[in-house]
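Student: Can we go through this one together? I'd like to start with the surface and then look at the rings.

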Amino acid sequence: MKIAVIGSGYVGLVTGSCFAELGNEVVCVDIDEEKVAKLSAGQIPIYEPGLDEVVARGLERGRLRFSTSAAEAIRGAQVAFICVQTPSAADGSADLSRVEQVAADIASHADGYVVVITKSTVPVGTAGRVERIIREQLPVQVEFDVASNPEFLREGSAVFDFMHPDRIVIGTGSERAAGLLTDLYRPLGAPLIVTDTPTAELIKYASNTFLATKISFINAIANLCDAVGADVKDVALGMGYDSRIGLEFLKPGPGFGGSCFPKDSRALIALAAQHDYDFHLLRGVLEINDEQRRVIVRKLERQLGTLAGKTVAVWGIAFKPNTDDVRDSPALDIVEQLLAAGAIVRGYDPVVGENVYERLGITRTAGPMDAATDADAVVLLTEWNEFRWLDFHRLAEVMRSPVIVDARNLLDPPVLRQLGFRYEGVGRS
Ligand code: NAD
């Protein structure tokens with residue numbers, strides 16, 4: 001199938017290269033010229049395990065191309081995926097300006113039947129908006145259909161997730177479009193939910209905000225564990241083995257971050273408000289999430305007395321391991337709070353780039369030991385595996401005072417306490 005993918009970020013790049021891997025002919029478009037030049041040369045602008053190999057194979061076999069020209073991609077395409085970002089607007093709703101711009105681009109260049117698909121996360125009604133824009137702006141009479149096909153991949157395992165989805169959701173009012181998309185996804189062998197566009201659009205928000213709710217719930221339970229002297233790890237296991245609850249997303253920490261959960265929660269609250277529904281459950285989820293960053297800073301304050309003039313080593317800046325994405329990462333908020341309290345902050349993350357440290361105004365160090373040398377405390381904010389297997393004996397020697405706040409419950413408290421560390425996890429008091 002001939003496929004146009006407009007927007008070649010985390011979602012578009014994975015979508016385009018994986019469809020090429022499945023034997024389709026794909027052109028990925030982006031307005032970022034530097035990104036397109038890099039990608040055309042086989043260089044991957046983001047850190048995503050396995051993506052480099054899929055892109056290299058696509059380029060080598062001539063099935064994958066990158067371009068800054070929407071026209072080049074859309075002419076002759078049977079399907080066009082809109083994969084641009086949909087960030088929060090000032091009122092929390094999703095900013096659809098890029099989606100609308102791409103819809104107009106598609107209208108100007110479509111030259112035959114094409115299914116226009118929103119893969120970006122978009123509020124209910126967007127497929128209808130895209131359809132209106134295309135209908136109004138088509139210069140010639142060209143047949144088209146619209147569909148909503150939300151994406152559920154996770155950064156850090158995006159290629160695997162794309163190739164092994166739990167389900168595919170297709171929302172469309174057109175049998176022809178549903179047939180085409182069913183054919184396209186058939187090789188993945190995943191359960192297919194074919195529904196109308198509003199339902200497909202809502203499935204994505206309902207899924208993300210449900211997971212966000214689970215995280216805030218276990219964070220609240222963890223805070224209670226700290227207060228009453230219970231162990232949240234065992235509470236989560238005891239809950240999670242119940243098949244109605246499940247073990248996933250019951251890990252307490254510094255709160256959820258990333259480019260999706262916070263913005264999608266805000267967007268769903270805004271969508272509900274537009275329809276006179278106060279989604280107070282989700283407002284609570286976000287409040288707990290904001291508060292959780294302060295919980296981590298308070299743990300450091302409890303250990304150090306005051307943060308003013310103290311050196312804190314921050315281990316991990318990405319919002320989760322196996323990605324370089326720092327969008328809405330809890331580490332950004334926590335570093336800002338530490339700096340505001342007068343702490344001197346040194347950071348280490350295996351993949352996050354120099355520009356992030358510059359933006360935060362903190363020193364970048366070459367490794368976790370360098371960050372911790374002469375530090376008054378370490379705060380572990382991203383659960384990179386390399387933090388698990390350090391020489392903690394040496395760590396105790398190089399630190400000014402052996403304090404660890406483990407915001408991801410990654411480390412082994414008894415071992416660390418035996419080595420003389422003052423250790424605090426989340427909900428493991
Ligand atoms: P991104 O910022 O990584 O990528 C978006 C890309 O679109 C950028 O490279 C940008 O330059 C490009 N772009 C913007 N306007 C354009 C235009 N007019 N023409 C061509 N290219 C244009 O964003 P992302 O993380 O890939 O997310 C895209 C969408 O997918 C969002 O709605 C997001 O909520 C959703 N989503 C993201 C994930 C994720 O894990 N990142 C998962 C599922 C869904």
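Tutor: One term to begin with: buried means under 20% relative accessible area, exposed over 50%, and partly exposed in between, with a 1.4 Å probe and protein chains only. This is a predicted model, where local features need pLDDT of at least 70, side-chain atom pairs count only at pLDDT 80 or more, and totals for chains, interfaces and linings use all residues. Residues are numbered from 1 along each chain as its sequence is written, and side-chain values use heavy atoms, leaving out hydrogens and water.

Student: Ok, is Leu237 buried, exposed or partly exposed?

Tutor: Leu237 is partly exposed, at a relative accessible area of 39%.

Student: Now the rings. How many aromatic pairs are there?

Tutor: The count is nine aromatic pairs. Rings of Phe, Tyr and Trp (its six-membered ring) pair if their centres lie within 6.5 Å; planes under 30 degrees apart are stacked, over 60 edge-to-face, and the rest tilted. One of them is Tyr47 with Trp384, edge-to-face, with 6.5 Å centre to centre and 65 degrees between the planes.

Student: Which residues form an aromatic cluster?

Tutor: Phe19, Phe81, Phe162 and Tyr185 form one.
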